[in-house]
2 protein chains.
Amino acid sequence: MKLYEGLKVVEFTTNIAGPTVGQWLAEYGAEVIHIERPVIGDDSRAYPPLVNGISIKYCTLNHGKKSVILDLKDPDGNKIARELCKDADIVLESTRPGVMDRLGLGYEAMHELNPRLIYCSVSAWGQTGPYAHRPGYDLIAQGASSIMYYNGDEETGPVKIFTEIGDQCGGLAGFAAVNAALYYRERTGLGQHVDISLVRVLASMSVKLDDLRILHKKTEKQGNQGSPLLCPYGVFKCPDGNWIIIAASNNALAFQFFRVIGREDLISDPRFETNVKRVEHQKILAPIMYEWFDKMGTIDNIEKALLEGGVPCSRVYSYEDVDKDPHYHEAGWFTDIPMPEEMTDLKARRIVSSPFGFSEMSPEYIPTKGFGAWNHEIIGELGYTPEQIDELQEKWKQAMAKN
Amino acid sequence: MKLYEGLKVVEFTTNIAGPTVGQWLAEYGAEVIHIERPVIGDDSRAYPPLVNGISIKYCTLNHGKKSVILDLKDPDGNKIARELCKDADIVLESTRPGVMDRLGLGYEAMHELNPRLIYCSVSAWGQTGPYAHRPGYDLIAQGASSIMYYNGDEETGPVKIFTEIGDQCGGLAGFAAVNAALYYRERTGLGQHVDISLVRVLASMSVKLDDLRILHKKTEKQGNQGSPLLCPYGVFKCPDGNWIIIAASNNALAFQFFRVIGREDLISDPRFETNVKRVEHQKILAPIMYEWFDKMGTIDNIEKALLEGGVPCSRVYSYEDVDKDPHYHEAGWFTDIPMPEEMTDLKARRIVSSPFGFSEMSPEYIPTKGFGAWNHEIIGELGYTPEQIDELQEKWKQAMAKN
């Protein structure tokens with residue numbers, strides 16, 4: 001049995017965070033109906049790069065879903081949406097708070113229609129509070145959560161995280177919450193509303209372990225080399241321009257590191273004999289480390305010596321490093337997501353896929369079909385004739401053109 | 001009914017990622033028995049700062065759990081662990097791959113004992129593959145996943161993320177997977193193994209949306225101001241030294257931004273009339289933006305003008321900014337986690353708590369008790385007398401002293 005076998009999901013989402021939740025539900029067996037607005041569709045359809053006019057990113061985030069075009073502002077389109085939600089198990093939406101309510105598709109209305117429904121909203125600032133109506137994107141979640149502030153050093157100022165970490169963590173939290181709600185429904189028969197805020201998810205990660213405020217001290221930026229907690233624990237530049245991470249997080253590992261760099265004398269040096277003292281004297285230790293890096297010359301030599309010595313370390317991987325790393329391959333972390341036929345030459349797009357590592361459930365990867373490819377089948381199941389469906393699509397297209 | 005009412009969790013975890021999974025299970029009603037090694041306990045008990053000898057971080061990650069001291073290498077301790085797992089619903093462990101197997105507490109052995117058991121392993125590199133045995137910490141997951149590489153600009157090199165993003169995302173993925181496994185068990189009666197790797201979780205986020213490799217192009221670092229996808233979309237320094245994020249992600253918002261900065265003329269400038277063209281000419285746009293920032297002088301003025309103009313923006317919050325932000329307060333994002341009595345003066349520690357936003361289920365926050373405070377109750381339930389339990393504890397303590 002597939003994990004979500006028999007579950008029906010209706011998705012009113014766009015961009016990255018919301019679609020990520022639906023993507024995993026589809027991979028593990030749910031029927032996911034992705035409602036898209038006429039003409040434009042999901043915003044991610046315009047994300048570059050396009051291949052034969054189709055966005056690779058859109059396909060990566062929406063494989064296995066059924067694209068259905070509806071104009072929710074039109075009474076006919078709105079009615080169809082309500083009918084689809086009536087017997088759905090899960091609704092996902094990532095519109096600006098208030099929009100779904102104004103469309104008559106908000107949680108209260110849907111709950112009345114279908115009390116077993118799990119209704120998951122994904123937004124920047126959540127459904128309540130003074131900024132709830134504010135638009136938000138990943139970068140704003142990074143900034144407003146405090147997760148960006150402490151990256152870098154005094155010279156750089158805050159450094160943004162290149163990956164869309166707010167979207168990704170919002171998607172992951174939404175997926176976790178939907179699963180918890182499914183388990184709860186299995187036990188009680190009750191659906192519920194799940195309110196995911198990208199800012200809140202990142203803030204819960206960033207604020208959780210800052211204890212200095214409690215002691216009325218200010219957290220300072222540490223840069224790459226420094227750590228307020230551990231030493232040696234940081235990111236260091238090798239003479240050949242590559243970067244090595246060293247994480248010797250207790251006495252045994254730190255002393256082993258001293259042995260590897262040929263400085264056993266430091267083990268009995270009172271400045272380095274405990275972690276607390278090493279943290280205190282980390283600026284004295286850094287040049288000693290660089291002396292050894294210089295002697296070793298290349299990251300290959302440095303990494304080899306550290307690994308052989310049992311010191312936790314890693315180079316800083318680029319995408320190219322990931323692509324060729326034997327562990328990624330042998331552990332089976334890569335998946336080739338099949339791309340739609342229309343892309344012709346691009347048969348598949350390789351990603352590091354679903355990270356959940358279930359022993360009993362395997363994800364399935366089904367390519368996306370075209371924009372609105374499921375209009376006839378899904379709307380037809382509600383009793384509409386092909387002619388009626390075509391007429392509605394034409395009406396909605398023209399309504400969009402007028403806006 | 002509480003979400004996890006009646007569920008028994010046995011946790012062999014330490015540090016941050018593994019305990020995070022157990023923390024949420026405890027908050028929503030599971031009985032979580034946290035097995036700790038004699039004398040030292042969970043490594044996070046040594047995380048500074050300590051208050052009356054107790055780590056605030058430990059309490060933040062383990063509230064509501066029952067601490068039980070066991071020496072798993074001792075046959076008596078090992079037997080007790082097996083007995084606890086025999087009727088458990090979930091086992092969480094974050095030891096080095098292979099360790100639990102050698103202790104006779106690995107997935108295969110536990111599954112034979114208890115086929116309904118959900119067994120979640122959290123590690124750096126996962127349970128299989130050539131690096132599985134390597135030790136790993138958050139920083140190594142950041143580096144080996146490629147999530148660190150692209151932060152910053154050419155001058156800075158890779159910039160580490162200050163927050164323990166690998167631990168936090170690993171915990172979140174583990175929690176999602178355990179919930180999915182619970183739902184699956186509810187439907188099929190079967191337990192399973194969940195294999196969470198911190199590197200894999202971050203890599204799945206980082207590698208997912210890099211499509212340039214497919215087109216045989218190399219992804220370049222963009223720094224704070226730049227974006228390969230959108231313009232204006234970045235982090236900018238205000239004249240007063242504060243940082244503002246602007247995320248004008250489509251034509252309407254970009255044109256609105258031009259109006260706000262008094263440069264309506266740019267709307268019809270062919271260099272800025274579409275997003276693709278703005279991205280292409282972002283280096284020309286930057287000085288125009290800074291001209292306006294200079295005129296406005298302070299972040300207060302800049303933010304006010306942008307918000308009033310409907311341009312998505314945010315300042316980069318520090319922890320102090322989070323503490324005083326009205327939205328965080330009014331949306332109810334803060335929770336005061338009660339601290340153990342032994343801390344005397346520190347009654348509670350404020351965090352941004354569980355980010356799941358369930359309408360029907362509320363987390364409960366119960367303070368941790370002392371190290372091994374539940375030894376007698378939990379081991380006693382298995383039929384051991386108080387005297388036997390005290391003897392075992394003494395034996396294990398002495399065994400640790402010999403190591």
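This is a predicted model: local features need pLDDT of at least 70, side-chain atom pairs count only at pLDDT 80 or more; totals for chains, interfaces and linings use all residues.
**View 1. The relation between chain A and chain B.** Chain B is superposed on chain A by a rotation of 180° with 0.0 Å of shift along the rotation axis, and the RMSD is 0.0 Å. This is therefore the relation of a two-fold axis. Within chain B, the C-alpha nearest the axis belongs to B:Ala176 and lies 1.9 Å from it.

**View 2. The interface between chain B and chain A.** On each side of the interface there are 136 residues, those of chain B being in contact with those of chain A. Together the two chains bury about 12,700 Å², of which 66% is on carbon and sulfur atoms. Of the area that chain B buries against chain A, 7% is supplied by B:Arg200, B:Lys208 and B:Tyr319, which is more than any other three residues supply. The count of salt bridges between chain B and chain A is zero. Because 100% of the interface residues of chain B are also interface residues in chain A, the copies meet through the same surface.

**View 3. Helix H16 of chain B and its two sides.** Helix H16 of chain B, residues 386-402, has 17 residues and reaches 25 Å from its first C-alpha to its last, which is close to the 24 Å expected at 1.5 Å a residue. Its buried residues are B:Ile389, B:Leu392, B:Gln393 and B:Trp396. Seen down the axis of H16(B), these buried residues fall within an arc of 100°, so they line one face of the helix. The elements of chain B that cover them include strand S5 (66-69), helix H3 (75-86) and helix H15 (375-380). On the other side of H16(B), the exposed residues are B:Glu387, B:Glu391, B:Ala401 and B:Lys402.

View 4. In general, most peptide bonds are trans. In chain A, however, the peptide bond from A:Cys231 to A:Pro232 is cis, with omega near -5°, and A:Pro232 is placed in the loop between helix H8 (198-207) and strand S9 (233-237). In chain B, a cis peptide bond with omega of about -5° joins B:Cys231 and B:Pro232, and B:Pro232 is found in the loop between helix H8 (198-207) and strand S9 (233-237) of that chain.

View 5. Most residues other than glycine have a negative phi. A:Val39, a residue other than glycine, has a positive phi near 65°, and it is found in the loop between strand S2 (31-36) and strand S3 (50-51) of chain A. B:Asn52, which is not a glycine, has a positive phi of about 50°, and B:Asn52 lies in the loop between strand S3 (50-51) and strand S4 (54-55) of chain B.

Notes: Residues are numbered from 1 along each chain as its sequence is written. Chains are lettered from A and ligands numbered from 1 in the order in which they are written. Side-chain values use heavy atoms; hydrogens and water are left out. Copies are superposed by least squares on the C-alpha atoms of residues with pLDDT of at least 70 in both. Contact means heavy atoms within 4.5 Å. Helices (H or I, at least four residues) and strands (E, at least two) are DSSP runs, numbered from the N terminus. The expected span of a helix is 1.5 Å times one less than its number of residues. Buried means under 20% relative accessible area, exposed over 50%, partly exposed in between (1.4 Å probe, protein chains only). The arc is that of the directions from the helix axis to the C-beta atoms. Buried area is the accessible area (1.4 Å probe) that two parts lose on being put together, summed over both. A salt bridge is a side-chain nitrogen of Lys or Arg within 4 Å of a carboxyl oxygen of Asp or Glu.
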